[in-house]
Amino acid sequence: MKTCAILCAAGKGTRFGGNTPKQFLFLKGKMIVEYSLEVFEKSHFIDKVVLLVPQGFEDIAKYLKNKFNKIISWDYGGKERADTVKRGLEILKGECDVVAIHDAARPFITLQLIEKLVKEVKFHFAVAPGILANDTVKFVEDGYIQNTLPRSNICLIQTPQVFKFDLIYRGYEMFKNEFFTDDLQYVEQLGIKPKIVENSKINFKITTKEDLMIAEAIVEKGYWY
Ligand SMILES: Nc1ccn([C@@H]2O[C@H](COP(=O)(O)OP(=O)(O)OP(=O)(O)O)[C@@H](O)[C@H]2O)c(=O)n1
Ligand SMILES: C[C@](O)(CO)[C@H](O)COP(=O)(O)O
């Protein structure tokens with residue numbers, strides 16, 4: 001079974017701010033995007049990687065392709081995350097049986113997580129890491145609570161989201177005009193119930209400057225690896 005990864009590094013980081021997209025900022029000596037690439041490179045469960053970057057960042061893409069053997073190609077992503085994933089899926093068509101779609105802005109994946117997800121996808125078609133909610137979750141509109149969601153059913157979803165390739169390709173083809181906020185929704189719409197693998201909070205997405213401070217503390221204190 002051949003497994004490829006699509007590494008989504010084509011966002012602008014609007015919420016983070018600044019001129020350099022957050023995935024290319026340095027976190028303790030290496031770019032944020034390199035953390036995931038190092039894990040993919042070491043993993044026996046990932047064969048090839050396709051890297052998607054924003055327009056204007058070809059120098060970084062070329063540098064990374066040169067540095068990581070598993071990157072078979074790089075390209076420019078699209079306006080929305082879903083456009084970027086579509087591009088990755090087109091590049092990988094016919095290349096693999098399973099695909100892992102990952103946010104470059106989540107640097108703290110582990111070899112164990114990848115192994116679990118790839119092993120589970122054989123039985124469940126679509127698998128993703130998630131964390132159970134510890135706080136009470138409210139549905140809010142215009143600043144007012146409308147109702148309280150049943151916490152035991154709430155799961156916050158991370159990446160890599162791992163799929164049988166043909167299934168996610170079909171999902172993206174059928175719902176090509178939708179811009180869902182994650183990839184699982186493209187197969188949920190096909191009637192699939194993706195499996196959740198409970199994971200650590202450490203695999204969080206760097207979205208704001210505050211998140212970068214948390215990421216620095218994680219690396220400094222050795223909470224990851
Ligand atoms: N058109 C896009 C948008 C996002 N991403 C990637 O998808 C991941 C998750 O997106 P997010 O955290 O929202 O990143 P940005 O879109 O860059 O942030 P913002 O929404 O604040 O602009 C990131 O690794 C980002 O680079 C992408 O590849 N292509
Ligand atoms: C895919 C994702 O990381 C799952 O939690 C998330 O939905 C990405 O969202 P964003 O809008 O790109 O920040």
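In this predicted model, helix 3 (residues 81–92) packs against helix 5 (residues 165–174) at an angle of about 135°, and their axes lie 11 Å apart. Axes are lines fitted to C-alpha atoms, for helices over the stretch in contact, and angles run from 0 to 180 degrees between N-to-C directions. Helices (H or I, at least four residues) and strands (E, at least two) are DSSP runs, numbered from the N terminus. Helix 3 and helix 5 are therefore oblique to each other. Angles under 35 degrees count as roughly parallel, over 145 as roughly antiparallel, 65 to 115 as roughly perpendicular and the rest as oblique. The crossing of helix 3 with helix 5 is left-handed; that is, the near helix is turned anticlockwise from the far one by less than a right angle, clockwise being right-handed. Helix 3 contributes A82, V85, K86, L89, E90 and L92 to the contact (heavy atoms within 4.5 Å). Helix 5 contributes F165, I168, Y169 and Y172. Eight of these residues are nonpolar, none polar and two charged. Ala, Val, Leu, Ile, Met, Phe, Trp, Tyr, Cys and Pro count as nonpolar, Asp, Glu, Lys and Arg as charged, and the others, Gly among them, as polar.

Helix 1 (residues 32–42) and helix 2 (residues 58–67) cross at roughly 25°, their axes coming within 12 Å. That makes helix 1 roughly parallel to helix 2. Their crossing is right-handed. V33, E34 and L37 of helix 1 meet Y63, L64 and K67 of helix 2. This contact has four nonpolar, no polar and two charged residues.

The largest pocket holds about 970 Å³ of space. On a 1 Å grid over the protein atoms alone, a pocket is an open set of points where a 1.4 Å probe fits, with protein on both sides within 12 Å along at least five of seven lines; lining residues have an atom within 4 Å of a point. Grid points are joined across faces, edges and corners, and the volume is the space filled by probe spheres set on the points. The lining comprises 36 residues, of which G11, K12, R15, E80 and R81 are closest to the centre. It divides into 13 nonpolar, twelve polar and eleven charged residues. Helix 3 gives the most to this lining, with three residues.

Two loops show backbone features of note. T159 and P160 are joined by a cis peptide bond, with omega about 5°. P160 is in the loop between strand 10 (155–157) and strand 11 (161–164). K28, a residue other than glycine, has a positive phi near 50°. K28 is in the loop between strand 2 (26–27) and strand 3 (30–31).

Residues are numbered from 1 along each chain as its sequence is written, and chains are lettered from A and ligands numbered from 1 in the order in which they are written. In this predicted model, local features need pLDDT of at least 70, side-chain atom pairs count only at pLDDT 80 or more, and totals for chains, interfaces and linings use all residues, while side-chain values use heavy atoms, with hydrogens and water left out.
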